[in-house]
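Subject: Structure handover

Hi,

Here is the structure for your files. Please have a look at it before reading my notes.

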Amino acid sequence: MRIKDICMFFGVQKMIEWVKQLNKAFGASFLWLVCLIHFTQGFRSFVWTAVSYQLKDNLKLSPSASQFVSSIAFFPWSIKPLYGILSDCIPIKGRKRIPYLVIATLLSLVPWPMLGIDSNLRSSQWHLTVLLTVQNLGSAMSDVVVDAMIAEAVRSERASFAGDLQSITWLSIAVGGIWGSLLGGHALTNLQIDKIFLLFSVLPAIQLLSCRLVGENSADSKVSHESANSSNSHPGNGNGNILDEDNILLKKSSASATRRKRSKKNSNKRASMRTKSLIPEKGDSLISRWFHSLKTATYSLFRAFRQPIILRPMAWFFLAQITVPNLSTVMFYYQTEVLNLDGSFLGTARVVGWLGLMLGTFTYNRYLKTMKLRKILLWAHIGLSLLTLLDVILVSRLNLACGVSDKIMVVSGSAVADAVNQFKLMPFLILSGQLCPPGIEGTLFSLFMSINDLGSTVGSFVGAGLASILNLSSGSFDNLGLGIAIQVLCTFIPIAFLFLIPKEATGISA
């Protein structure tokens, strides 16, 4: 009875029932694959901590050079829509998801055994950069493909489970991140880096085997069915996205009833002509059909993205990333060389950061959803600037004069900073979902996320450039306080461009 009461207190029984419902709706193999892929994404912190030490200790790279390598390696996350368009438009043996997932898993798996076995590859900056980039290419592609599989799975009668499935993916990432950070730090203390690379390759290997457990219907039958429906309906229904967007633009640009009718009639004709030109003929070759599919998807994507209501907010989030130099690699060097913090402690600090991220998500959903996004983003950047000042205190060693240890400063700063950053990320996710027009939500949302990732990559390049200008290197941190001060000032730059965010947008409605 006591164990039962404890389970009820923590909601274990409700969680078990929830998982059973998802299992019944989607199948155990699909649910296992989705959770495994997202758990692996979070668990990547296990191996990337080792990568940071490999760049610093074994390759002897400066902070700016190390950050430059990491920025290049993570660039594949900035072109995620390309993977989505390819998997949507070019089936492999009649299937759009599983073959691409297998390819992505192989790309994310192969580099780790290669780096673990061959010391020459680990010791070469060029080879290491290439292999890490290939690994991120596979991880980013698998992320896009599994998101597309989730979107397809929750359609029609299972749409009511969309929020539940999304929740379990976030939970998988968080659990993977916590365990990856915790075990990664301890692994660095007890294992060689090559062994860590080999150990991590077990997860992608299991993911590769799990791909065989999930079946997928041939895309040819879906295409023929959709083509038959479109031929029996209004000519414009072959591409509903274009018609919907045309109608929206007509409503916004019309000046009188007469002009609206005339414009709508002409627009319907143009849309019909465009639709007919974009639908491939039955006798077209396979390559021609692929080309038409790519053309249709690309046209719809960029036509939607050009709308000011979408372009302006995305421009702000991109500016918010590139205008603030990222000095995280420099701080990693400072923490390990000057503060003498070991890998085990830094892993624990990242665990606290993950908990702070989860706390930030809960706080936002519980208390801030009805607040204007402009106000949330304003206070988020003010909070980030104040938290960055903690690094100034840490570097100037004022914390020791006040009796506060370095470890407390690092752990508390990591937790609070991740929570505040989540206040900034949640509006981005919510606004992105609200701005996506029907029909291309998945591809356009991945484009939004890629813009955020690209901005983060550019911000890392800016940080690497700033570190190089200030001559910040291993054993030379005299100008680190100045660099952090510049970072604090740059944090206020995005506030000047908050007019790009819709004035009345909140976490509930845009």
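This is a predicted model: local features need pLDDT of at least 70, side-chain atom pairs count only at pLDDT 80 or more; totals for chains, interfaces and linings use all residues.

Numbering starts from 1 along each chain as its sequence is written, and side-chain values use heavy atoms, without hydrogens and water.

Helix pair. Helices are DSSP runs (H or I, at least four residues), numbered from the N terminus. The axes of α4 (residues 45–58) and α19 (residues 328–337) come within 12 Å and cross at roughly 75 degrees. Axes are lines fitted to C-alpha atoms over the stretch in contact, with angles from 0 to 180 degrees between N-to-C directions. The two helices are therefore roughly perpendicular (65 to 115 degrees). From α4, Ser52, Tyr53, Leu55 and Lys56 meet Phe332, Tyr333, Thr336 and Glu337 of α19 (contact: heavy atoms within 4.5 Å).

Buried residue. Asn399 sits in α22 (residues 398–401). Asn399 counts as buried at 2% relative accessibility (buried: under 20% relative accessible area, 1.4 Å probe, protein chains only). Its side chain makes a polar contact with the side chain of Asp406, at 2.9 Å (a pair of N or O atoms within 3.5 Å, one able to donate a hydrogen and the other to accept it).

Helix face. In α13 (residues 202–210), Leu203, Pro204, Gln207 and Ser210 are buried. Seen down the axis of α13, these fall within an arc of 115 degrees, so they line one face (arc: directions from the helix axis to the C-beta atoms).

Best wishes

Definitions and conventions:
Angles under 35 degrees count as roughly parallel, over 145 as roughly antiparallel, 65 to 115 as roughly perpendicular and the rest as oblique. Buried means under 20% relative accessible area, exposed over 50%, partly exposed in between (1.4 Å probe, protein chains only).
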